[in-house]
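Thanks for making time, everyone.

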Amino acid sequence: MVLYLIRHGTYASGEIDPGLSPFGEAQARAAGRFLRAQGARPEVVLTSGYRRARETAALIQEELGTTLDPVESRDFSPSGDAETMRAILEGLGANETLVVGHMCSIGELARTLCAAAPHVFGTCMIVALERQGNEWRLLWAQRMETV
């Protein structure tokens, strides 16, 4: 199983549930192009349900040329529990999964799965992990700070 953990792109301020800023939209598109170049083919897309995460996932999918219906789960929200997220992911049975979430929860999930994975995520940072048996290993990490 390959897991792509992505923090949402830069968001517009001043709203309770803000969407992406123009820069955040560009970051998400760049992330999608980068994932396409890596040969990513997610079978499942999970988001927190927050607008910035949903918009990031949609733009990434657009660049990947996929039309999957993202699964929204508050378990992947900023206050999500890493062990709960891990159980959800490991129960999916997908070969490749894309998760778009938030710094706190995605960072904790990455650290829980793989000690070598970064646990501080900049906006639109991507970490790819691979599960082999019961162990997870870091494949790569990529920042989308500039586009």
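Let's start with an aromatic cluster made up of Tyr4, Phe34 and Trp140. Before I go on, a word on the model: it is predicted, so local features need pLDDT of at least 70 and side-chain atom pairs count only at pLDDT 80 or more, while totals for chains, interfaces and linings use all residues. Residues are numbered from 1 along each chain as its sequence is written, and side-chain values use heavy atoms, with hydrogens and water left out.

How many aromatic pairs does the structure hold? There are 2, where a pair means rings of Phe, Tyr or Trp (its six-membered ring) with centres within 6.5 Å, called stacked if the planes are under 30 degrees apart, edge-to-face if over 60, and tilted for the rest. Tyr4 and Trp140 make a tilted pair, because their planes sit at 40 degrees, with the centres 6.2 Å apart. Tyr4 belongs to strand S1 (residues 2-7) and Trp140 to strand S6 (residues 135-142), so this pair ties together parts 136 residues apart in sequence. Helices and strands here are DSSP runs numbered from the N terminus, with at least four residues (H or I) for a helix and at least two (E) for a strand.

The pair of Phe34 and Trp140 is edge-to-face, at 5.1 Å centre to centre and 80 degrees between planes. Again, distant parts of the chain are linked: Phe34 is in helix H1 (residues 22-37), 106 residues from Trp140.

Now, is Tyr4 buried or exposed? Tyr4 is buried, because its relative accessibility is 6%; the cut-offs are under 20% for buried, over 50% for exposed and partly exposed in between, using a 1.4 Å probe and protein chains only. Leaving out residues up to four places away in sequence, Tyr4 touches, among others, Leu35, Ala40, Leu98 and Val127, contact being heavy atoms within 4.5 Å.

Tyr4 also turns up in the largest nonpolar core, which has 22 residues, and is one of those with the most contacts inside it, along with Ile6, Leu35, Ile60, Leu98, Ile126 and Met144. By nonpolar core I mean buried Ala, Val, Leu, Ile, Met, Phe, Trp, Tyr and Cys residues joined through side-chain atoms within 4.5 Å. S1, H1, H2, S4 and S5 each give it at least two residues. Apart from that core there is another, of 21 residues, including Ala82 and Leu113.

On to the sheet. It is open, with 6 strands in the order S3-S2-S4-S1-S5-S6 and mixed pairing; strands pair if DSSP finds at least two bridges between them. Strand S3 (71-72) and S6 are the edges, each with a single partner, so one side of each has no neighbour in the sheet. S1 and S4 run parallel, joined by 6 bridges, and Ile6 has Val100 in S4 as its bridge partner.

What covers the buried residues of H2? The cover includes S1, H1, strand S2 (44-47) and strand S4 (96-101). Among those buried residues are Arg52, Ala53 and Ile60.

Most residues other than glycine have a negative phi. Cys124 sits in the loop between helix H4 (103-113) and strand S5 (126-132), and is buried at 0% relative accessible area.
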